[in-house]
Amino acid sequence: MHNKVKTDIEKELPKSIAHIVLEIVEYVPHSIARKTIIEKEDNSLTAVSFDEGEIFCEKTTEYDTYVQVIDGNADLTMGKKEIKLKLGESIIIPENTLFCFIANEPFKVTIT
């Protein structure tokens, strides 16, 4: 587990320009990379890529969190529940829930 999180310096994507969500964030070897799509005071939309072998755990979520897999398959531990999410699937992580992503293969998600 390298657990390096690389964040793009720009705060959000330019408005009024078409984007391909899969191309917003690239895979970075031995890292987790993220790109903010929209950021507001009380919420945001972020694209995140996980290289194989990376693990990312949050203590708990402050709000309900919507996750959608946009490339590969994601392993998610939510509380004590282990969930395998496939390409195109999504899930809502309830507020105040501990969660971890475990990258058994490279994958990308959007998180709202």
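This passage walks through the fold of one protein and then visits a few of its residues.

The structure is a predicted model, in which local features need pLDDT of at least 70 and side-chain atom pairs count only at pLDDT 80 or more, while totals for chains, interfaces and linings use all residues. Residues are numbered from 1 along each chain as its sequence is written, and side-chain values use heavy atoms, with hydrogens and water left out.

To begin with the overall fold, the protein has zero helices and 10 strands; here helices (H or I, at least four residues) and strands (E, at least two) are DSSP runs, numbered from the N terminus. Along the sequence this reads as β-β-β-β-β-β-β-β-β-β. The radius of gyration of the protein is 13 Å, close to the 13 Å that the globule rule gives for 112 residues, so the protein is as compact as a globular protein of that length. For this comparison, the radius is taken over C-alpha atoms, and the rule is 2.2 Å times the number of residues to the power 0.38. Taken along the principal axes, the C-alpha atoms fill a box of roughly 40 × 30 × 25 Å.

Buried residues make up 37% of the 112 residues, where buried means under 20% relative accessible area, exposed over 50%, and partly exposed in between (1.4 Å probe, protein chains only). Contact means heavy atoms within 4.5 Å. Among contacts between residues at least 6 apart in sequence, 61% join residues at least 24 apart. The accessible surface comes to about 7,100 Å², and 53% of it belongs to carbon and sulfur atoms; such areas come from the Shrake-Rupley method with a 1.4 Å probe, and for residues only the protein chains shown count as cover.

Next come the strands. Strand S5 (residues 65–71) and S8 run antiparallel and are joined by four bridges, and two strands pair if DSSP finds at least two bridges between them. Within this pairing, Thr65 has Ile93 of S8 as its bridge partner. In a regular strand the side chains alternate between the two faces of the sheet. Strand S8 (residues 90–93) has a covered face made of Ile91 and Ile93, and an uncovered one made of Ser90 and Ile92.

Lys35 lies in strand S2 (residues 32–39) and counts as buried because its relative accessibility is 3%. Leaving out residues up to four places away in sequence, Asp75 touches Ile83, Lys84, Cys100, Phe101, Ile102 and Asn104.

Ser16, in the loop between strand S1 (5–7) and S2, has a phi near 65°, a positive value in a residue other than glycine; at 83% relative accessibility, Ser16 is exposed. Asn96 sits in the loop between S8 and strand S9 (99–102). Its phi is near 60°, again positive in a residue other than glycine, and a relative accessible area of 59% makes Asn96 exposed. Finally, Glu52 is found in the loop between strand S3 (44–50) and strand S4 (55–58). Neighbours within four places aside, Glu52 is in contact with Ala103, Asn104, Glu105 and Pro106. The C-alpha atoms of Glu52 and Ala103 are separated by 5.0 Å, although the two are 51 residues apart along the chain.
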